[in-house]
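Please examine the sequence and the three-dimensional structure shown below.

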Amino acid sequence: MQEQLTELLQETVDDALYQIILSNPREKDKAFKIKIRPVMIKGAILFQETLYEGTKVFHDNLSREAAIERIEESLARDFKQCEIEHKCRKAVILVSKKGKITIKTKRTENIGKESETDRKMQLAHNRVKQYILEEGIPVPFLVDLGVQTGEGQIVRSRYDKFKQINRFLEFIADILPTLSRERTLHIIDFGCGKSYLTFAMYYYLHDMKGYDVEITGLDLKEDVIIGCNELSRKYGYKKLRFIKGDIAEYAGQDVVDMVVTLHACDTATDYALSKAVKWGAKVILSVPCCQHEVNGQIHNEQLSSLLKYGIIKERMSALVTDAVRANLLEAEGYETSILEFIDMEHTPKNLLIRAVKRDHIHESGLQEARKTVDEVTQFLNIAPTLQKLL
């Protein structure tokens, strides 16, 4: 029966396949389902595996031979049922506890009815999302940081990080027209941490887009800084350096074109934004974190029925903090947006403030923006750090 299974897969894993579903897992604490379907990537047919494990979903793109091998291995080891939906037939494969394979097939009524145009449209609909850093193409820093394997495949447990990195690069792609190609661009990353995004930013701007960039990553953890500098030297990134330092006290730069601050805790974000404004940075990208300050200040009798609930007060304070920050940046001549950074299911701290310096500023508009901020902060009885710094 194993030979019949292999023959069936050889006949159905092609561009006329609709989908294959593996289900009924042998062990309940592992993946509970796998879907496989053909997808078109850069004009070639591959087979996208979607693996469902708990609340997480993982994707991988396989060649035809690898997809067949994957299905056979999964039926031998992990799943007891497989359903195949193909243009020409449907099949159900059952595997007993002792490994006995039973195959039931029937020819479908769609034979000859689906035009070539319909099929191409189906494959086009199945086209997978194209990331800036593509799956299957190894990037050295992603390999060393454990996001990719040496062959360029995404490590399943790090898929969320891979999506986050690409989402961040999409934000940078949006602001590229505002950055000069005529000189070296100076970029500061406050609170860089392990620097996944710092390395990605340098790789994207310098290696992929050809910009002359000089990037400085700043963090308080000495061991992290040492490790990041070692990786930077290893890749030959001559203009990417990491230094130990505090955001509030940093004074190592006179001209800065872009300031990035990702998950700088509480008022550290305010100090970073303040420095960016005083430098006249063309672009600011900030993902705030741990907005405690306003939570300890906010008070309003008219809102007391809402603020008496701790979790509501905490979330409202965080949103107010970032909304006030965005408005303060507008009052300094920036065009400001608040955008979703990554899916809410991964982290509630998923907002990104993007601010781009406007070329033409009308003082009357800035005064009106400042007045609006003052009215809001007085209404809520709050005194945010960024408002005081500016």
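Helices (H or I, at least four residues) and strands (E, at least two) are DSSP runs, numbered from the N terminus. Two strands pair if DSSP finds at least two bridges between them. The model is a predicted one, in which local features need pLDDT of at least 70 and side-chain atom pairs count only at pLDDT 80 or more, while totals for chains, interfaces and linings use all residues. Residues are numbered from 1 along each chain as its sequence is written, and side-chain values use heavy atoms, with hydrogens and water left out.

The account begins with a hairpin. Strand S6 (residues 89-95) pairs with strand S7 (residues 101-107) in the antiparallel sense, over seven bridges. Ile 93 stands opposite Ile 103 in S7. Five residues lie between the strands of this hairpin, where Gly 99 takes a positive phi near 95°.

The next topic is an open sheet. Seven strands form this sheet in the order S10-S9-S8-S11-S12-S14-S13, with mixed pairing. Its edge strands are S10 (240-244) and S13 (334-340), each of which pairs on one side only. From one strand to the next, the twist averages 15°; axes are lines fitted to C-alpha atoms, for helices over the stretch in contact, and angles run from 0 to 180 degrees between N-to-C directions. S13 and S14 (residues 351-357) pair in the antiparallel sense over seven bridges, and Tyr 334 stands opposite Lys 357 in S14. Helix H7 (residues 222-235) packs on the sheet, touching S9 (213-219) and S10, and the direction of H7 makes about 165° with that of S10.

Ser 195 is placed in the loop between strand S8 (185-190) and helix H6 (196-208). Is Ser 195 buried or exposed? Its relative accessible area is 1%, so Ser 195 is buried; buried means under 20% relative accessible area, exposed over 50%, and partly exposed in between (1.4 Å probe, protein chains only). Apart from its neighbours within four places in sequence, Ser 195 is in contact (heavy atoms within 4.5 Å) with Cys 228 and Phe 242.

In H11, the residues Leu 366, Ala 369, Val 373, Thr 377 and Leu 380 are buried. Seen down the axis of H11, its buried residues fall within an arc of 70°, so they line one face of the helix; the arc is that of the directions from the helix axis to the C-beta atoms. The face turned away from the buried side of H11 carries the exposed residues Ser 364 and Gln 378. Helix H10 (310-331) and helix H12 (385-389) are included in what covers the buried residues of H11. Asn 381, whose phi is positive, near 60°, follows H11.
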